[in-house]
Amino acid sequence: MIRRLTAALLLPALVAGCNEQTKPTTAPPPGPVVRTDTGEVSGTVLKDRRVFQGIPYAAPPVGALRWKSPEPAKPWTGVRTAAKPGNRCPQVKNAIADLGSTTEDCLFLNVTTPATAGPEHRKPVMVWIHGDGAIGSGDQFDPERLVVDGDVVVVTFNFRLGVFGGFGLPGMPASGTIGLQDQRAVLQWVQRNAAAFGGDPGNVTLFGVSYGATSTGAHLLAEQSRGLFHRAILQSAFTVMDMPAGATYPGIPALPWYGWTTTKDAQTQGQVVATGLGCKDPATALDCLRKVPVARLLAVPQVMNIFQPYALGNDELPADPVQALEAEQFADVPVIAGTTRDEHTTFVAFFRELAGSPVTKANYPELLRTAFGAAAPKIAAEYPLTAYKTPALAWASVLTDRLWAKAQLRQNQLLSAKNPLWFYEFADRDAPLDIPFPPGFDPGAWHAGDVGYVFRTAGENKTMTPPQIALSDKIIGYWSTFAHHGDPNREGLPEWPEFTGPTTVQSLAPDAIKPVDYEQEHKLKFWTSIG
């Protein structure tokens, strides 16, 4: 079973986690009954926690509700059994992630609470947005250790993905932002219902990885999400990241944003898809498309990836995230934000090495010229092939520094101008692998490799070394302490300085948690010097 999605891949969504999710080996006892605002649910009682799965948070987005903002779930009578996850949202399985679905009735969430949580003992709530945006579901993440050791309530959920979450057409309300609105509907559900599960609706931490972290950044920027969460954790967000030509995918031109599109572009792409599906008349295209079967929509080449990014410049999101951040037009909440040490190895491995377009000694100079033009010779001198085991790792180092580290520092500088912020770098270069890297390829501290340290399962307990398990315990401690108090520091954890500059970035590695000079480590003065 695929356990968790880890990638932010805005073209073919090939990367997903591959560990087994732990499940009870015997039938659990009947669960407690909790009354939500739409009806009663019965969950599963375990020794140290309670689990409620498959709770509807919005009406099924089917028929006339396809590509509409989420509407309230319909109330039910009696007690609804909440002992297994709800349907995954429509998505296309691939050779790595066998998570295909054609079911649009998919807007469900899961709640895991400590055994001690109750109306009189309310715990902080942590709401997790999974990564990717074209594949995945909330139940792929097991929050057992975070809930039990961190003494928090964790909510995971499904939301509309790809063409169902980011689609647009001229005149279509909410073009390019439907999935974002699903996420907000979860936060609104938490406000209405958290207390019934022993959660504190006045203390909600929104957190996510990769695409989910960028979505968290979107909610920081979105006025309509203000007040629905009180802290934010962004793991490998690309909120302000651009994409030089060919930097991530061969043949793709330079783009101003890696993780966003514009409302106009989403609508233009939607027109192209509509025409291809026989819905050519703009006046009736939306109604026509709502009648197209899910399987036929999913069969359109790359349709889930085309509509992964959310659209800027509308009622939901500003036209320019950098300008909004510079103007301090974002939620006033404390933030943890960071990256992994070797972010781009994942992308080079899957979209170069495994895709049949490997980086070689011969094409490395041309890749630099395509991406960086006249600056290529300077970059080649700063990142010589002789300094790396393979040309692929040289190219990955260039892009880790230029794309991820440069953008992350800029994002965190802008956020910290207004909000308290703690900047981290996950630096375990021997982290267990959830995805099949090419033989002989050194992934280092790969993109989203930190997720298993937050959502550690019994499987990871078997594959991690004792120092790695100790690191996971500390990361869970930091994250949960932050959820409790808005500051990750507490007795028993290494001191983590609040971010005030590049030398106050906390490196998270086994037996080596300490500040690191992020600017020096990623050659950011060099990148600033070449523009």
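This is a predicted model: local features need pLDDT of at least 70, side-chain atom pairs count only at pLDDT 80 or more; totals for chains, interfaces and linings use all residues.

Q: How do α3 and α4 cross, and at roughly what angle?

A: Two packed helices are described by the angle between their axes and the distance between the axes. Helices here are DSSP runs (H or I, at least four residues; strands are E, at least two), numbered from the N terminus. Axes are lines fitted to C-alpha atoms, for helices over the stretch in contact, with angles running from 0 to 180 degrees between N-to-C directions. In this model the axes of α3 (residues 178-193) and α4 (residues 211-221) come within 11 Å and cross at roughly 75°. That makes α3 and α4 roughly perpendicular to each other (65 to 115 degrees; under 35 is roughly parallel, over 145 roughly antiparallel, and the rest oblique).

Q: Which residues make the contact between α3 and α4?

A: Contact means heavy atoms within 4.5 Å. From α3 come Leu180, Gln183 and Arg184, and from α4 come Ser215, Ala218 and His219.

Q: Is His219 buried or exposed?

A: Buried means under 20% relative accessible area, exposed over 50%, and partly exposed in between (1.4 Å probe, protein chains only). His219, which sits in helix α4, has a relative accessible area of 0%, so it is buried. Leaving aside neighbours within four places in sequence, His219 touches Ile129, Leu180, Gln183, Arg184, Leu206, Ser225 and Phe229.

Q: How many residues of α10 are buried?

A: Eight of the nine residues in α10 (residues 345-353) are buried, so this helix is largely enclosed by the rest of the structure. The buried ones are Thr345, Thr346, Phe347, Val348, Ala349, Phe350, Phe351 and Arg352. They pack against α11 (364-372) and α13 (391-416).

Q: Where do the buried residues of α11 lie, seen down the axis?

A: Start with the list: Tyr364, Leu367, Leu368, Ala371 and Phe372 are buried in α11. Looking down the helix axis, these fall within an arc of 100°, so they line one face of α11; the arc is that of the directions from the helix axis to the C-beta atoms. Their cover includes α10, α12 (376-382), α13 and α18 (524-529). After α11 comes Gly373, with a positive phi near 60°.

Q: How many disulfides does a search of the whole structure find?

A: A disulfide is a pair of cysteine sulfur atoms within 2.5 Å, and the search finds two. Counting bonded cysteines along the chain, the pattern is 1-2, 3-4.

Q: What is the handedness of the disulfide of Cys89 and Cys106?

A: The torsion about the S-S bond is about 85°, so the Cys89 and Cys106 disulfide is right-handed. The sulfur atoms of Cys89 and Cys106 are 2.1 Å apart, and both residues are buried.

Q: And what about the link of Cys279 and Cys288?

A: With -70° about the S-S bond, the Cys279 and Cys288 link is left-handed. Its sulfur atoms are 2.0 Å apart. Cys279 is buried, at 4% relative accessible area, whereas Cys288 counts as partly exposed at 28%.

Key. Residues are numbered from 1 along each chain as its sequence is written. Side-chain values use heavy atoms; hydrogens and water are left out.
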